[in-house]
Amino acid sequence: MRWCHWVNFPILTIMIWSGMLIYWANDEYKITIFGHTFFRFFPDWFYNTLKIPHRLSEGMAFHFLFMWFFTLNGILYILYTTISGEWRELVPKKNSFKEAWLVLLHDLHIRKTAPPQNKYNAAQRIAYTAIIIMGIGSVITGLAIYKPVQFYYLTWLSGGYHFARILHFALTLGYVFFFVIHIVQVILAGWGNFSSVISGFEVVNETPEPIIQTTTEDEKAE
Ligand code: HEM
């Protein structure tokens with residue numbers, strides 16, 4: 001699971017970055033309310049700072065190569081978690097949705113006591129399952145806009161070509177949002193937790209047993 005997680009990190013970064021190179025060529029999404037545009041994805045300074053303009057073909061080349069690795073790594077992860085039974089630790093339980101609020105309140109320091117924490121708490125179960133569903137969503141909507149004729153059933157499933165493209169884009173925003181929260185949580189969880197996600201074990205500093213020196217009457221006499 002750790003391998004899949006760390007392999008996914010550069011792949012997802014490349015998918016988001018190459019997706020941006022593609023999006024620039026036809027950046028039509030904006031937030032408009034009553035005819036007033038509040039936000040355009042993305043302002044010129046954003047494109048120019050990241051040197052995005054005029055790199056459509058480069059973006060497509062990277063996107064359509066790394067989509068294979070993204071998909072294969074995802075399939076491997078799902079197979080592993082299913083076969084090993086690890087999925088039991090990951091999928092939300094009946095009370096996870098109620099408990100996730102308590103986790104949030106605890107993280108915001110509003111509630112003192114932490115809700116029950118096994119390997120993953122309720123909020124983690126929801127987030128880590130959602131991110132897998134989002135990954136499947138990216139593959140389905142990606143294929144739907146990649147070959148809308150050959151994969152017409154995926155395009156239909158995604159609500160048509162245009163809606164599939166919007167979903168594909170929205171999922172990318174979702175990854176960025178997830179990433180920000182994920183990083184904050186990793187920092188809050190501390191170094192020990194982070195290093196254990198790399199090594200597979202956590203070093204726990206146990207307080208040493210106090211050394212009690214006792215002197216017998218004979219030793220005193222000596
Ligand atoms: C996590 C993985 C992925 C991310 C973050 C991602 C992100 C993006 C983004 C941001 C765009 C630009 C959106 C737009 O122009 O509307 C894009 C375009 C595209 N993506 Fe992905 N993508 C991912 C996976 C995939 C996969 C697996 C495929 C499968 C073929 C795919 C196929 C495409 C295609 C065909 C386009 C061009 C859309 C167009 O012509 O406008 N993507 N992707």
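# Chat about a predicted helical chain and its ligand

Modeller: The secondary structure of this chain comes to 10 helices and two strands; helices (H or I, at least four residues) and strands (E, at least two) are DSSP runs, numbered from the N terminus. This is a predicted model, in which local features need pLDDT of at least 70, side-chain atom pairs count only at pLDDT 80 or more, and totals for chains, interfaces and linings use all residues. Residues are numbered from 1 along each chain as its sequence is written.

Biologist: What pattern does the chain follow along the sequence?

Modeller: Read that way, the pattern is α-β-β-α-α-α-α-α-α-α-α-α.

Biologist: And is the chain a compact globule or more spread out?

Modeller: More spread out, because its radius of gyration is 25 Å, well over the 17 Å that the globule rule gives for 222 residues. The radius is taken over C-alpha atoms, and the rule is 2.2 Å times the number of residues to the power 0.38. Along its principal axes the C-alpha trace spans about 95 × 45 × 35 Å.

Biologist: What percentage of the residues is buried?

Modeller: Buried residues make up 13% of the 222. A residue is buried if 20 or more other C-beta atoms lie within 10 Å of its own, exposed if 12 or fewer, and partly exposed in between, with C-beta atoms placed from the backbone.

Biologist: Switching to the ligand. Which residues come nearest?

Modeller: Of the 22 residues around the ligand, those are Gly19, Tyr23, Met67, Gly142 and Tyr146. A residue is near if its C-beta atom, placed from the backbone, lies within 6 Å of the molecule.

Biologist: Which helices supply at least two residues of that shell?

Modeller: H1 (2–24), H3 (56–84), H6 (122–146) and H8 (161–189) each do. The largest share, seven residues, comes from H1.

Biologist: How does the shell split by class?

Modeller: It has 14 nonpolar, seven polar and one charged residues. Ala, Val, Leu, Ile, Met, Phe, Trp, Tyr, Cys and Pro count as nonpolar, Asp, Glu, Lys and Arg as charged, and the others, Gly among them, as polar.

Biologist: Back to H6. What span should it have, and what do the end atoms give?

Modeller: At 1.5 Å a residue, its 25 residues should span 36 Å, and the end C-alpha atoms are 36 Å apart, which agrees. The expected span is 1.5 Å times one less than the number of residues.

Biologist: Which H6 residues are buried, and what do they pack against?

Modeller: The buried ones include Ala122, Arg125, Gly135, Ser138 and Gly142. The buried residues of H6 pack against H3, H4 (87–90), H5 (96–107), H7 (152–157) and H8.

Biologist: Now the backbone. Where is the cis peptide bond?

Modeller: It joins phenylalanine 41 and phenylalanine 42, with omega about 5°. Phenylalanine 42 is in the loop between strand S2 (36–40) and helix H2 (44–49).

Biologist: What about phi at phenylalanine 34?

Modeller: Phenylalanine 34 has a positive phi of about 50° although it is not a glycine. It lies in the loop between strand S1 (30–33) and S2. With 4 C-beta neighbours inside 10 Å, phenylalanine 34 counts as exposed.

Biologist: And histidine 54: what is its phi, and is it buried or exposed?

Modeller: Histidine 54 also has a positive phi, about 60°, without being a glycine. Histidine 54 sits in the loop between H2 and H3 and is exposed, because 11 other C-beta atoms lie within 10 Å.

Conventions:
Two residues are in contact if their C-beta atoms, placed from the backbone, lie within 7 Å.
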